[in-house]
Amino acid sequence: MKMNIGKKISREDFMEFFRNIDELNQLTPDDRIEIFKSILLGSSDITKELLDDLLINYSVDNLGVIEFYNDEKQ
């Protein structure tokens, strides 16, 4: 899938790109990290369950997630 600079892409095209392993493999590790770090909407998207799933999916066995609640407003 080739795109012109400045051309808007549809949601369908965007999702098709990320579901295509051959296209996805053209991204560099830095590209992937940039996308990963910026794709979520906000803090409510980041949950213990999501982080646990990421650790499992990427076979990261030296890290864990602890959930706690801070009721104090700073």
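Mentor: Start with the elements. Helices (H or I, at least four residues) and strands (E, at least two) are DSSP runs, numbered from the N terminus. Here the elements run α-α-α-α from the N terminus on. That comes to 4 helices and 0 strands. The model is predicted: local features need pLDDT of at least 70, side-chain atom pairs count only at pLDDT 80 or more, and totals for chains, interfaces and linings use all residues. Residues are numbered from 1 along each chain as its sequence is written, and side-chain values use heavy atoms, with hydrogens and water left out.

Now the pocket. On a 1 Å grid over the protein atoms alone, a pocket is an open set of points where a 1.4 Å probe fits, with protein on both sides within 12 Å along at least five of seven lines; lining residues have an atom within 4 Å of a point. Volume is the space filled by probe spheres set on the points, which are joined across faces, edges and corners. The largest pocket holds about 700 Å³. It is lined by 21 residues, and Arg 32, Phe 36, Ile 39, Leu 54 and Tyr 58 are the closest to its centre.

Helices H1 (11–18), H3 (29–38) and H4 (48–57) each supply at least two lining residues. H3 gives the largest share, 5 residues. By class, the lining has 18 nonpolar, 1 polar and 2 charged residues. Nonpolar covers Ala, Val, Leu, Ile, Met, Phe, Trp, Tyr, Cys and Pro; charged covers Asp, Glu, Lys and Arg; the others, Gly among them, are polar.
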